Amino acid sequence: MLRWIVLLFALLVATPALAHPAPFSYLDIDVKNGAISGKLVVHVIDVAHDLRIASPDALLDPQPLAQRRQEIATLLLGRIALRGDRPLVPHATALSPLADRSALALAFRVPNAASGAITVDPRLFPYDAAHQTFVNVYEAGALKQQWIFNRDSPARTHYLGTAAGTMAVVRTFVAAGIHHILIGPDHLLFLVGLLLLGGGWRALLRIVTAFTIGHSITLSLAALDIVTPPSTLIEPAIALSIVFVGTDNLIRGQGRDLRAWVALVFGLVHGFGFASVLREFGLPREALRWTLFSFNIGVEIGQLAVVAVVASLLAGIRRQSPRAGKAVAVAGSVVVIVAGAYWFVQRIAYPGGA
């Protein structure tokens, strides 16, 4: 359906003055029984340009086309970057003219390509800024994914609906969750602020788990496009949550421990921040549940690693000197407040980053 819509649009906007009325290519990839078969359809004008052929229509003649078969196949297949658990090298199996479309059809195959995921990065005709490549990904003949690439599009990954595909999702997004929590200074500082007053391991585990439950809820809502508040609201709110935690440490002191509830409530806010990162990473709709589950597990692992290190250091200081432990908690809370206030002002004054 997407292909026919594009063709109709091209016909409607094309004029006789245009030298290249259809700057499109079409790439079909079918994964079946651990192998990939595919077909690439390209306009003869594009091929002729890159091979310096004076008359593009000459490529529609089977005899001249056969003489340049290897040259054309090498050019086109060299510009289709495919990757599974390793780089995949496609081999041409047929090249034929499509005279009614002024195009060429190149069939190819990748044997022994078994993998849980297929990453595609076609860079077919970079000389033409308007050129687009329409990609269809099939599994055993059933259409599973459609993408549109232009010259500047990033590579995209399709996770197969197999056990290997599920494991590929888990590996990718658990690692992404760990990485994000460890490089997110605002999330880390919020978590550290909750740890400054110490407590037993059970209390600390409740705090981390409450934070995970909170952000898991809103991450899922945002990923499913059910609730998607703007980042200009969420990012300052995350900064305010950090200020709140530091201030609460100074005011509450040794009063009733409500940190798990604080983590739960503000975890809801931080979840929307995680969702924006996941969107930038690329959210595979074909494996949405496993993606969300794996990313959350990764965040939880990263949080527990931080808790283990920070809580152990703080506990060691308190064992050596309760007075020093209290001083560290107070000083740390002040740092948390100042950093949160700085981020809040920055994100209000320069929404979207500066």
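Six salt bridges were identified in the predicted structure. Among them is a contact between the side chains of Arg 79 and Asp 50, for which the N to O distance is 2.3 Å. This pair connects distant parts of the chain, its two residues lying 29 residues apart. Asp 50 belongs to helix 2 (residues 44–51), whereas Arg 79 is located in the loop between helix 4 (69–77) and strand 3 (80–83). With a relative accessible area of 23%, Arg 79 is classed as partly exposed, because that class begins where the buried class, under 20%, ends.

A salt bridge is also formed between the side chains of Asp 121 and Arg 123, with an N to O distance of 2.9 Å. The arginine of this pair, Arg 123, has a relative accessible area of 32% and is therefore partly exposed.

A further salt bridge pairs Arg 347 with Asp 186, whose closest N and O atoms are 3.1 Å apart. Here too, distant parts of the chain are linked: Asp 186 lies in helix 6 (residues 185–195) and Arg 347 in helix 11 (residues 322–349), at a separation of 161 residues. Both Asp 186 and Arg 347 are buried. The pair also forms part of a network in which Asp 186, Glu 235 and Arg 347 are joined through salt bridges that share partners. The buried pair Arg 347 and Asp 186 thus contrasts in accessibility class with Arg 79, which is partly exposed, and with Arg 123, which is likewise partly exposed.

How values were computed
Residues are numbered from 1 along each chain as its sequence is written. This is a predicted model: local features need pLDDT of at least 70, side-chain atom pairs count only at pLDDT 80 or more; totals for chains, interfaces and linings use all residues. Side-chain values use heavy atoms; hydrogens and water are left out. A salt bridge is a side-chain nitrogen of Lys or Arg within 4 Å of a carboxyl oxygen of Asp or Glu. Helices (H or I, at least four residues) and strands (E, at least two) are DSSP runs, numbered from the N terminus. Buried means under 20% relative accessible area, exposed over 50%, partly exposed in between (1.4 Å probe, protein chains only).
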